[in-house]
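Subject: Structure handover

Hello,

Here is the structure for you to look through. My notes on it follow below.

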Amino acid sequence: MAQRVHDVAIIGGGVVGCAIAHELGRSRLRTVLLEQAAEVGFGTSKANSGIIHGGHQAAPTTLKGRLEWQGNQLWDALCAELGFGFARVGALTVALDEADLPALETLEHHAAAKGVPGVERWSRARLRHAEPNLTKQAIAAVYAPTTAVINPYEACFGLAESAARNGVEIRTGCAVTALSHDGEVWTIATCTGPVRARFVLNATGTAAARIAAMAGAGEYRLRYRKGEEYLLDKRLQGLVQHVIYPCPSPTSKGTLVIPTYDGTIMIGPTADEVLDADDLATTASGAERVIAAAQRLVPGISERDVIAEFAGMRAIVDGEDFRIGPTEAPGFFDVAGIQSPGLTAAPAIALMVADLLREAGLDLDDSGPPLPPLPPFVHFAGAPIARQQELAAADPRYGHIVCRCEVVTEAEVCQAIARGAGTLDGIKFRTRAGMGRCQGGFCTSRCMALLASELDVPLTAVTKRGGDSWLVVERDEGMQP
Ligand SMILES: Cc1cc2nc3c(=O)[nH]c(=O)nc-3n(C[C@H](O)[C@H](O)[C@H](O)COP(=O)(O)OP(=O)(O)OC[C@H]3O[C@@H](n4cnc5c(N)ncnc54)[C@H](O)[C@@H]3O)c2cc1C
């Protein structure tokens with residue numbers, strides 16, 4: 001039987017691939033998304049600062065600068081549609097001495113050139129009033145009300161779930177291993193069998209240069225810049241009200257103090273070039289530098305407050321801008337080099353890619369009604385007591401706490417599994433089970449048992465994040481007790 005030919009195959013299910021899938025879900029195109037990890041969003045898109053930058057960060061002369069501001073404005077509507085955590089908390093970029101003031105002027109120029117509203121200079125007195133825990137050395141700041149914080153993994157899950165509900169095929173655990181073109185159609189070899197498509201979008205983050213080379217789509221160099229992030233104890237909630245930036249360097253926004261959407265404070269990231277894209281280890285030197293830089297902004301922060309850490313990898317092309325567009329291979333488009341502000345820009349990147357596909361001759365008939373919103377997730381811990389009682393009366397699983405630190409119920413874990421979570425990390429990123437002070441000490445075995453029973457698989461098949469990240473193994477005869 002002849003194999004089905006898709007109109008578009010998106011390789012890579014990070015925030016960029018998911019945003020494109022969601023956008024193409026508006027049309028009647030036959031679209032497939034191929035992601036090698038067990039779930040979407042498990043690459044750089046889950047390991048970042050979770051900031052929708054204000055629009056004034058990147059220079060207006062760059063593609064990333066234009067897409068930053070356009071993307072920023074698209075997140076409110078997406079949040080209403082998909083229901084992920086998102087709040088416009090605003091940002092302050094802080095000058096600690098006179099030498100920092102030109103950097104503030106640059107941000108003001110960016111805002112003026114792009115038409116970002118509300119960006120203004122704050123005096124020392126105003127800063128002290130708004131952020132009493134900020135260093136007394138701060139002499140001025142640029143305030144941007146447009147900056148937001150977001151749960152980036154929730155956004156990826158929502159984009160992919162909505163795309164799937166609108167006919168996009170989402171294939172996870174599906175690593176692309178080779179590509180060939182017969183003059184008309186691409187055949188994409190994957191670890192689960194071949195996929196055929198007229199157009200291919202390469203949104204594979206740190207793997208993009210390798211995938212482009214496989215397709216004969218031109219050679220380019222990707223560099224990798226690691227960012228380490230450190231999460232602080234929830235008792236510091238409210239330490240800062242805005243995202244606090246130092247004055248930026250040419251390649252980094254510096255180490256930030258971030259009031260995350262979930263109410264914790266996160267500090268980071270570092271920006272260290274490494275040779276290995278898979279080197280996601282946090283380091284003693286990274287911790288030291290992040291804590292020292294955060295203390296320069298907010299002296300009350302201590303290393304004793306750190307409860308968790310992770311690292312993410314930026315994919316950098318020469319010239320430091322995004323690389324989006326057609327390539328020398330027919331019907332093969334790069335969506336590569338999506339470093340920061342890639343999360344912010346993702347919805348705008350999706351619109352740009354849709355336009356490129358139209359120009360290439362695809363009929364994106366998206367004149368139908370707007371996509372229906374996703375059913376909201378219930379978050380028990382944040383509900384008023386009367387609502388919690390109502391939920392527990394209707395479904396006794398709401399009366400059974402699985403994660404004590406974050407007060408996550410069995411019903412929420414089952415809801416997450418029913419909506420796509422297939423790993424412990426998938427549950428954690430959808431419900432927060434395992435993100436609290438004990439870091440999964442209490443809830444891991446409970447979540448594993450629920451995954452096994454809801455998915456009807458043995459406990460030995462349950463993984464932390466897919467692949468070979470099993471948590472228990474079958475006992476074999478030769479094993480020591
Ligand atoms: C520490 C850090 C902090 C950051 N903070 C921010 C921020 O606050 N705001 C902001 O706007 N941006 C931020 N960024 C940048 C942002 O995270 C990235 O721009 C964005 O996540 C890139 O998304 P992506 O989809 O291109 O890549 P990814 O999320 O890496 O997605 C690529 C996907 O391709 C898949 N893939 C790779 N090879 C294959 C294959 N052969 N077959 C199938 N699938 C494959 C991978 O598994 C992966 O899921 C930060 C980045 C870092 C590292």
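How far is an oxygen atom of the ligand from a polar backbone atom of Pro341? In this predicted model, the distance is 3.4 Å. Glu35 takes part through its side chain, with an N or O atom placed 2.6 Å from a ligand oxygen. On its own the ligand has 1000 Å² of accessible area, and the protein covers 96% of that.

The ligand site

The ligand is surrounded by 39 residues, and the closest are Glu35, Ser45, Ile51, Ile338 and Thr344. Sorted by class, the shell holds 19 polar residues, 17 nonpolar residues and three charged ones. Four elements each supply at least two shell residues: helix H1 (15-24), strand S13 (222-232), strand S18 (306-317) and helix H8 (342-359). The ligand lies between two domains, because domain 1 (1-86 + 148-221 + 318-376) and domain 2 (91-145 + 223-315) both contribute residues to the shell.

Strand S20

S20 covers residues 332-336, and five of its five residues are buried. In a regular strand, side chains alternate between the two faces of the sheet. In S20 both faces are covered: Phe332, Asp334 and Ala336 are buried on one side, while Phe333 and Val335 are buried on the other.

S20 pairs with strand S12 (residues 195-202) through three bridges, and the two run parallel. Within S20, Asp334 stands opposite Asn202. Strand S19 (residues 323-326) is joined to S20 by four bridges, in an antiparallel arrangement. Here Ala336 of S20 has Arg323 opposite. The hairpin of S19 and S20 has five residues between the strands, and Gly331 takes a positive phi near 75° in this hairpin.

A three-stranded sheet

There is also an open sheet of three strands, ordered S3-S8-S4 and paired antiparallel. S3 and strand S8 (residues 148-150) are antiparallel and joined by two bridges. In that pair, Ile52 stands opposite Ala148 of S8.

Regards

Note on methods: Residues numbered from 1 in each chain as written. Predicted model: local features only at pLDDT ≥ 70, side-chain atom pairs only at ≥ 80, totals over all residues. Heavy atoms only, no water. Near = heavy atom within 4 Å. Polar contact = N/O pair within 3.5 Å; in protein donor to acceptor, adjacent residues only side chain to side chain. Areas by Shrake-Rupley, 256 points an atom, 1.4 Å probe, with all protein chains shown as cover. Nonpolar A, V, L, I, M, F, W, Y, C, P; charged D, E, K, R; others polar. Domains from an automatic or database assignment. Buried < 20%, exposed > 50% of the residue type's maximum accessible area, 1.4 Å probe, protein only. Pairing = 2+ DSSP bridges.
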